[in-house]
Amino acid sequence: MVDATMPLRRRRFRVRNLRFWIPLTWIMMLVLAALCAPLIAPHDPLAQDLFLERLPPFFMDGAEPGYWLGTDSLGRDVLSRMIYGARIALFVSVIAAVSTGIFGSTLGLLAGYYGGWWDRVISRLVDIWMAFPPVLFAVLLVAVMGTGLTSVIAAIALIDWTRFARVIRAETMVQAHMDYVDSARIGGARRFTTLVSEILPNVMPSIIALLMLEMGIAVIVEAILSFVNLSISSDDPTWGSMIAEGRGAIHFAWWVLLFPLITLFLTVLSFSTLGEGIKKKFDPVLSS
Amino acid sequence: MTTQPHENTLEIRQLNATLPNGMRLLRDVSLTLEPGEVRALVGESGAGKSMIGRAVLGILPSAVVHSSGDILLEGQSLNAMRPKTRRSIVAKMSALIPQDPLTALNPVRKIGPQITDPLVRIHRWSRDRALKRALELLERVHIRNPERVMNSYPHELSGGMRQRILIAAAFAPSPRLIVADEPTTALDVTVQKQILKLIRELQRETGTAVLFVTHDMGVVAKISQKVTVLFAGRVLEDAPTEAIFNDAAHLYTRGLIAATPTPNATAEPFRPVPQDLIAQLQRDTQAEDVRFYQGGRK
Ligand SMILES: Nc1ncnc2c1ncn2[C@@H]1O[C@H](COP(=O)(O)OP(=O)(O)OP(=O)(O)O)[C@@H](O)[C@H]1O
Ligand SMILES: [Mg+2]
């Protein structure tokens, strides 16, 4: 579709747009699936039927109509479980990323702009925090707080706020030395006002890119914790628990493993690509 | 509060600024600026010209640890004020025309609020009044489509346009004092002349006192009534502009004037400030030698 005679700038423009629209479409599809799960899912995600166990997906011999992506070892519909799994994945990723982002970015902004004691205390805290191995940290936290989605979200926020704090601190420091900050101060703006209305809009694209990345990470962390049975009860359909179950049946029912795995992969990839795309779109200089 | 008619708009007394490593950026700098006066601040790069402007406006870099001396705006000592009061007094009475019109505007905010914010915040004007004033000033600095410009982002405008906008923003609150820190250095030559003319016109119309930082002795001759010559953070010479050009007291000042290309300079070769003079001044500065003054005198 790309015309070779098109000027180079136009063509690059298109490619960049595709890199924005494809992940966005995928995420929107997931959101839609998550919101309308009861309407879309062809079956009850929890309903077991031992007569229908390990049905192959629709394009293989022996597929049952209506079970598009086959069934697992307990006869549960894989597609329906994935659709309901999207609910949990998106819920966790949005709540976890937003709380991580607000907490970490606030500390980063304060450390980067106020400097002095603020910076010393916050930077030291980040250093100490990052000395813990993250996965061990997460497992430990969930073990202490008990399994469940709240623990998963808290674990993500408690581990990953340092990413926001570090990146946003550095960006804030760069912005704080810009002349427009001096202009605002000469115009009588208080320090806090300057931080919120002059500097924050300039670091916002980075915050949003990090948020997207964090959503991807949250999806993975949730899957890992489900995989090791530390998320919600293993009956509930999460992509991680499906992957864990599918792993045991890989030789006779590979689809139980593969479809959730691909979905997970695409989702994480989409979030990080989308983050970069949004960062560019938000920047008035880059986007013009 | 009554102000005397002859009160100085700006008075800097014995200002000192030092870095943590002991390096002195400003050494006992004193100068005054009468109402409506333009004082040029000249000196080579690193002499501390911008530091003086920053000290007045209260935006010294955080690295500058020690700063003694006092600054008075219309007789009010800034040192005696609490930081909050100081900030609002400075904001009410002074403004900056910066060197680099690219970085002095916030890239992600529209032009309009960047001009009107201080008017609303400090002068407590209504949004409407601030908006009207901004449009009026933009027209005054020859911006053709003020409404559209107010709705633009900085990157959509040329360097000359941005500098006009910053001039408009500086004059909008009718300040008593404007610090112009090399306002034409970042622009190309044809635009430089227009910008300079604009600042001079507006300065005359409004009677604002201007502290005009520049390297260019040609600009000094055109715009200022008084000149302060700065070397390594110390005032070498402080005199009326005419006196400086006709009969400068200090050899360094004479060197600066001689080093300025003039329209008929094609006849004579370019003469930079003599290296041995600069070396001598640097030695004297290092040694905190009082001969610093005498040594350079004619
Ligand atoms: N943020 C800073 N931290 C520490 N030292 C600084 C800082 N900014 C400037 N200086 C030093 O202060 C001295 C005076 O700098 P200033 O910017 O006032 O010079 P200037 O006369 O304006 O020169 P120019 O003509 O190049 O603008 C220089 O020696 C410079 O190295
Ligand atoms: Mg300077």
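Ala, Val, Leu, Ile, Met, Phe, Trp, Tyr, Cys and Pro count here as nonpolar, Asp, Glu, Lys and Arg as charged, and the others, Gly among them, as polar. The model is predicted: local features need pLDDT of at least 70, side-chain atom pairs count only at pLDDT 80 or more, and totals for chains, interfaces and linings use all residues. Residues are numbered from 1 along each chain as its sequence is written, chains are lettered from A and ligands numbered from 1 in the order in which they are written, and side-chain values use heavy atoms, with hydrogens and water left out.

**Figure 1. The helices of chain A.** Chain A has 11 helices and zero strands; helices (H or I, at least four residues) and strands (E, at least two) are DSSP runs, numbered from the N terminus. The C-alpha trace of chain A spans about 75 × 60 × 30 Å along its principal axes.

**Figure 2. A salt bridge within chain A.** A salt bridge is a side-chain nitrogen of Lys or Arg within 4 Å of a carboxyl oxygen of Asp or Glu. Side chains of opposite charge can pair when their charged atoms come close. A:Arg76 forms such a bridge with A:Glu245, their closest N and O atoms being 3.2 Å apart. The pair links distant parts of the chain, 169 residues apart: A:Arg76 lies in the loop between helix 2 (37-40) and helix 3 (78-114) of chain A, and A:Glu245 in helix 9 (residues 239-248) of chain A. Over all chains, the whole structure has 19 salt bridges.

**Figure 3. The interface of chain A and chain B.** In this view, 18 residues of chain A are in contact with 22 residues of chain B, contact meaning heavy atoms within 4.5 Å. The two chains bury about 1700 Å² between them, 57% of it on carbon and sulfur atoms; buried area is the accessible area (1.4 Å probe) that two parts lose on being put together, summed over both. Two salt bridges are counted between chain A and chain B. B:Arg54 forms a salt bridge with A:Asp182, with 3.1 Å between the closest N and O atoms. On the side of chain A that touches chain B, helix 7, helix 8 (191-227) and helix 11 (284-287) of chain A each supply at least two residues. Helix 7 of chain A gives the largest share of that side, seven residues. By class, this side of chain A has seven nonpolar, seven polar and four charged residues.

Figure 4. On a 1 Å grid over the protein atoms alone, a cavity is a set of points where a 1.4 Å probe fits but cannot get out, and a pocket is an open set with protein on both sides within 12 Å along at least five of seven lines; lining residues have an atom within 4 Å of a point. Grid points are joined across faces, edges and corners, and a volume is the space filled by probe spheres set on the points. The lining of the largest cavity has 19 nonpolar, six polar and four charged residues.

**Figure 5. The largest pocket.** About 1000 Å³ of space lies in the largest pocket. Among its 34 lining residues, A:Arg191, B:Ile59, B:Leu60, B:Pro61 and B:Ser62 are the closest to its centre. By class, the lining of the largest pocket has 17 nonpolar, 10 polar and seven charged residues.
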